[in-house]
Amino acid sequence: MRVMRVIVHASDVDVVLSGIERGDQTLYESGMWDVGIAEADLLRLERNAGSAGVVVEKLLDEFVLVIRETRRQDVLDQFFASIAPRYAVVTQRDRNRDCVEALTFGLRQFAALSDGEQLVDFGCGDGVVVETSAGLRNRVVGIERLSEMSVIARRAGLHVVQTQRDLPDPIGGCISSYVLHLGPQLDELLDIWKRLAPGRGLAANFHKGVGFTRVRSALVAHGGVATVRDLRSDRFDHGKLVVFVRK
Ligand SMILES: C[S@@+](CC[C@H](N)C(=O)[O-])C[C@H]1O[C@@H](n2cnc3c(N)ncnc32)[C@H](O)[C@@H]1O
């Protein structure tokens with residue numbers, strides 16, 4: 001029997017885990033429970049999630065989060081905050097670096113990004129971008145909602161701001177690596193999009209294709225998309241990898 005790790009917000013445990021045998025329990029950080037769950041039980045949980053008012057999120061290849069729909073962003077924030085110091089080791093670092101490389105390559109090829117220009121990294125996490133050629137060729141500014149992540153990114157040498165109001169002007173382009181499948185509120189991203197000059201672009205990946213249609217519709221509604229260019233990596237499958245070029 002394969003047992004997976006499931007993280008459940010403590011206050012949701014009774015609802016979500018009723019009828020499911022718990023493995024060894026340890027209190028995870030930030031009031032979350034880290035419990036073992038048999039794969040068959042997880043499948044059952046996923047099947048019944050909608051009617052139970054919960055969403056089941058598989059994250060970073062290792063974690064499964066069971067979240068009440070109404071508290072999704074809040075619990076995602078708690079998860080990423082608690083994982084921040086270990087983010088670089090629990091993720092496949094090479095994969096994230098490769099994604100950032102592919103995105104910035106796409107901006108240079110299709111959206112007029114030149115060396116030395118300001119590049120925004122939306123949802124920069126712990127600053128993986130500084131480990132890529134983008135960190136050398138462009139002035140990069142990260143935008144990140146979690147201070148637990150920004151602290152680490154700043155230590156790595158990245159300039160990080162918390163809201164789009166603090167971004168420089170003009171912006172040469174924007175990347176977003178492994179963020180938009182999480183279904184963030186799009187206000188801040190749209191604000192960045194509106195500031196891009198015609199011909200400039202937003203390059204992003206959509207893990208397993210999730211979120212692409214939602215983001216494209218929002219960009220079309222706010223100033224338009226001239227073209228969507230598909231990108232690819234020879235090394236990893238990053239889901240749907242694209243550059244949206246601004247009209
Ligand atoms: C999977 S990490 C990706 C980090 C980095 N871009 C990388 O490729 O390693 C997702 C990041 O998105 C951030 N994030 C989550 N929800 C967000 C939102 N609504 N707006 C902006 N960033 C968000 C998280 O705090 C986290 O740092």
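Good morning. The model is a predicted one, in which local features need pLDDT of at least 70 and side-chain atom pairs count only at pLDDT 80 or more, whereas totals for chains, interfaces and linings use all residues. Residues are numbered from 1 along each chain as its sequence is written.

I begin with the overall picture. The chain holds 9 helices and 12 strands; these elements are DSSP runs numbered from the N terminus, with helices being H or I of at least four residues and strands being E of at least two. Of the 247 residues, 36% are buried. Here, buried means that 20 or more other C-beta atoms lie within 10 Å of the residue's own, exposed means 12 or fewer, and partly exposed is in between, with C-beta atoms placed from the backbone. Among contacts with a separation of 6 or more, 64% come from residues 24 or more positions apart; a contact requires C-beta atoms, placed from the backbone, within 7 Å.

Let us turn to helix H5, residues 93-110. Which residues of H5 are buried? They are Asn96, Cys99, Val100, Ala102, Leu103, Thr104, Gly106, Leu107 and Phe110. The buried residues of H5 pack against several elements, including strand S6 (118-122), helix H6 (133-137) and strand S12 (240-246). After H5 comes Ala112, with a positive phi near 65 degrees.

H5 also takes part in the ligand site. The ligand is surrounded by 18 residues, the closest being Asn96, Gly123, Gly125, Ser177 and Pro184; a residue counts as near when its C-beta atom, placed from the backbone, lies within 6 Å. Helix H3 (72-83) and H5 are the elements that give two or more residues to this shell. By class, the shell has 11 nonpolar, 5 polar and 2 charged residues. In that scheme Ala, Val, Leu, Ile, Met, Phe, Trp, Tyr, Cys and Pro are nonpolar, Asp, Glu, Lys and Arg are charged, and the others, Gly among them, are polar.

Next, strand S6. Because 4 of its 5 residues are buried, S6 is largely enclosed by the rest of the structure. S6 pairs in the parallel sense with strand S7 (residues 139-143) over 5 bridges, where pairing requires at least two bridges found by DSSP. Within that pair, Phe122 has Ile143 of S7 as its bridge partner. S6 also runs parallel to S9, joined by 3 bridges, and Val120 stands opposite Cys174 in S9.

I close with the loops. With 22 other C-beta atoms within 10 Å, Tyr178 is buried. Lys208, in the loop between S10 and H9, likewise has a positive phi, near 55 degrees. Lys208 is partly exposed, with 13 other C-beta atoms within 10 Å.

Definitions and conventions. Contact = placed C-beta atoms within 7 Å.
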